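Please read them with the sequence and the structure open beside you.

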Amino acid sequence: MWLSAVNPMMLKNNQYYVDLSKVGASIQLPLAAANTNQPVTFAFETSNIPDTIPVYVNVASPSVLNTPVTATLGLDTAYLNQYNQQQLAQDSTFVPYELLPDSVYSVSGWNVTVPAGQRLANINVIIYTSKLDATHKYILPITITSASLPIENWNHLLLNISAKNEWDGSYNVHVHIDGANSYAGTDFTDSGVQLHTQGVNSVYENSIADFFGGYTLYTFNSDGTMSVLAGPSAANPNGYGAAVVESSYDQSNHSFHLKYTILSGKYIFTLDYQKQ
């Protein structure tokens, strides 16, 4: 808006004037340009129906061209590795991104043609959200590998693909502990307990009963019951041998009730979760 109020003759007489009419045409990834080659997050609701991300190329030129422009896109793993190394050099606690597994996505095709008189064309990346493992940080890195125009620096698109199912979120939880252990009789209520997506019908918590360190996976079964895995970590998800005694859930308000044991009944947990 402010440029329209500037006298163009004054600009031409100014030492900083640039005649854009003489700038040659080039091609770029506009989403990479908008995010300065940094990760762009796409979070999806998990579903058995795939989702689609259109990835555009853009012809940057003073005016549209009267000939078509062709380009070939591809994976940009070298840039992903470089990005991870740069982040680790700045922060030793940074968890590197992983390359999105090829079982989680497909591409409509890597070749694109921008028709004469137009600026944009795209490929489609199809994401199979039900196959995403939410315990990992995934990136699908895309670049223009070749084109009939010069390729700009805005050519490193890092798609951070994540998924959330309807049970993902923050909860209020009431916990009661029984069993042959020193914590028997413990009873407390907590808020802000975070559950994270793991597939279409499961969420995980980075604790045991919001009390002990560990990993718990809750699965909402189609018959209204729930299944539980509990262990020291996601790498050993049922190391504590969880056994469900009773379970139920209300999908209308995303609340659920569980009673389960671990370590052959040594600990008995009764839990009530209510999504905030």
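**Notes on the model**

1. N35 sits in the loop between α2 (30-34) and β2, where helices (H or I, at least four residues) and strands (E, at least two) are DSSP runs, numbered from the N terminus. With a relative accessibility of 25%, N35 counts as partly exposed, on a scale where buried means under 20% relative accessible area, exposed over 50%, and partly exposed in between (1.4 Å probe, protein chains only). The N35 side chain reaches the backbone oxygen of L31 at 2.9 Å, and the C-alpha atoms of N35 and L157 are 8.6 Å apart, although 122 residues separate the two along the chain.

2. On provenance, this is a predicted model, in which local features need pLDDT of at least 70 and side-chain atom pairs count only at pLDDT 80 or more, while totals for chains, interfaces and linings use all residues. Residues are numbered from 1 along each chain as its sequence is written, and side-chain values use heavy atoms, with hydrogens and water left out.

3. As to overall form, the protein has 3 helices and 18 strands. Its radius of gyration (taken over C-alpha atoms) is 26 Å, well over the 19 Å that the globule rule (2.2 Å times the number of residues to the power 0.38) gives for 276 residues, so the protein is more spread out than a compact globule. The C-alpha trace spans about 85 × 40 × 40 Å along its principal axes.

4. Buried residues make up 37% of the 276 residues, and the accessible surface comes to about 14300 Å², with 51% of that belonging to carbon and sulfur atoms; these areas come from the Shrake-Rupley method with a 1.4 Å probe. Among contacts (heavy atoms within 4.5 Å) between residues at least 6 apart in sequence, 59% join residues at least 24 apart.

5. Leaving out residues up to four places away in sequence, V55 touches L73, A121, N122, I123, V125, I142, L157 and L159.

6. Which side chains make polar contacts with the side chain of H257? Both E246 and D272 do so, each at 2.8 Å, a polar contact being a pair of N or O atoms within 3.5 Å; within protein, one must be able to donate a hydrogen and the other to accept it, and residues adjacent in sequence count only if both atoms are side-chain atoms. H257 itself lies in strand β17 (residues 255-262), and, neighbours within four places in sequence aside, is in contact with M226, E246, S247, S248, T270, L271 and D272.

7. L263 is partly exposed at 39% relative accessible area, whereas S264 is exposed at 82%.
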